[in-house]
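Me: Hi! Can we go through this structure together, starting with the charged side chains?
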Amino acid sequence: MANKPTLDQVRAKSAKRIAGLSDVQRKAAELLIDFAYACGVPIVITQGLRTIDEQNGLYAQGRTKPGQIVTNARGGYSYHNFGVAIDFALLLPDGKNVSWDMRRDGDGDGIADWDEVVAEAKRIGWNWGGDWRSFKDYPHFEMTFGLSTADYRAGKRPSQTQLNVAMTRINKTEDDDEMTTEDKAEIAKQFKALQDRVVALESTNKLAKVPAWAEQACVNAKAAGALDTANDGSYDFYRMITVLDRAGLFTKGGAA
């Protein structure tokens with residue numbers, strides 16, 4: 001693709017991988033793709049439902065087959081085998097290749113693309129493999145409802161109540177109602193404190209103009225009454241404004 005891939009094109013790249021997921025997880029995966037794209041970070045779901053044979057093949061890699069060890073789970077011992085886990089990669093601008101570079105900042109907003117995806121995933125309700133204490137799996141997200149792989153092998157599944165609660169959370173997130181009034185008030189309080197701290201540094205760290213990646217966030221902040229002017233800010237100031245804008249502080253009904 002010569003130009004930036006469209007959302008429909010990005011969705012299509014993951015369609016087959018997420019088709020076999022359980023209903024809640026499939027909806028959560030679709031939402032993650034959309035939210036990441038809205039942040040300027042197209043992603044591809046590289047793994048969804050994985051068969052037992054596929055899992056055993058991965059387990060053999062680095063053991064009885066060439067390659068590096070990529071999993072400690074045999075067939076039936078991975079959440080992928082039950083349609084409740086996904087892996088992702090960053091889609092590069094050519095719309096074909098992918099990257100697992102956790103430091104990449106492809107959208108130039110001063111925030112690592114990987115961190116933006118992880119934040120959106122957690123907001124939806126995914127648990128991140130990067131938070132594990134050992135054998136961290138940074139491209140991995142799962143939504144297991146507290147059940148172990150042994151539970152899934154035994155035929156246990158989440159209750160309908162658990163599924164309903166998860167779907168309600170997903171739907172609320174989709175409608176951008178996840179952040180409560182109290183949350184926004186707390187962010188506004190923190191914003192004021194940070195703003196006061198940044199002012200002291202402004203005289204020695206001013207930029208000649210607003211960075212392109214921060215322009216819309218500054219517009220939103222001014223419209224919300226949080227800024228009188230966006231000129232003569234520092235890099236850290238513009239990055240802070242961008243982060244708070246993405247948190248929804250400057251949207252209609254926000255606490256600013």
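Me: What do the side chains of Lys122 and Asp131 do?
Reply: They meet in a salt bridge, at 2.9 Å from N to O. That term means a side-chain nitrogen of Lys or Arg within 4 Å of a carboxyl oxygen of Asp or Glu. Keep in mind that this is a predicted model, where local features need pLDDT of at least 70 and side-chain atom pairs count only at pLDDT 80 or more, while totals for chains, interfaces and linings use all residues. Residues are numbered from 1 along each chain as its sequence is written, and side-chain values use heavy atoms, with hydrogens and water left out.

Me: Is Lys122 buried, exposed or partly exposed?
Reply: Lys122 is partly exposed, at 35% relative accessibility, and Asp131 is partly exposed too, at 45%. Buried means under 20% relative accessible area, exposed over 50%, and partly exposed in between (1.4 Å probe, protein chains only).

Me: Nice. What about Arg50 and Asp87?
Reply: Their side chains form a salt bridge as well, at 3.6 Å from N to O. Arg50 sits in the loop between β1 and α3 (52-60) and Asp87 in strand β2, so the pair ties together parts 37 residues apart in sequence. Helices (H or I, at least four residues) and strands (E, at least two) are DSSP runs, numbered from the N terminus.

Me: Are those two buried or exposed?
Reply: Arg50 is buried at 6% relative accessibility, and Asp87 is buried at 10%.
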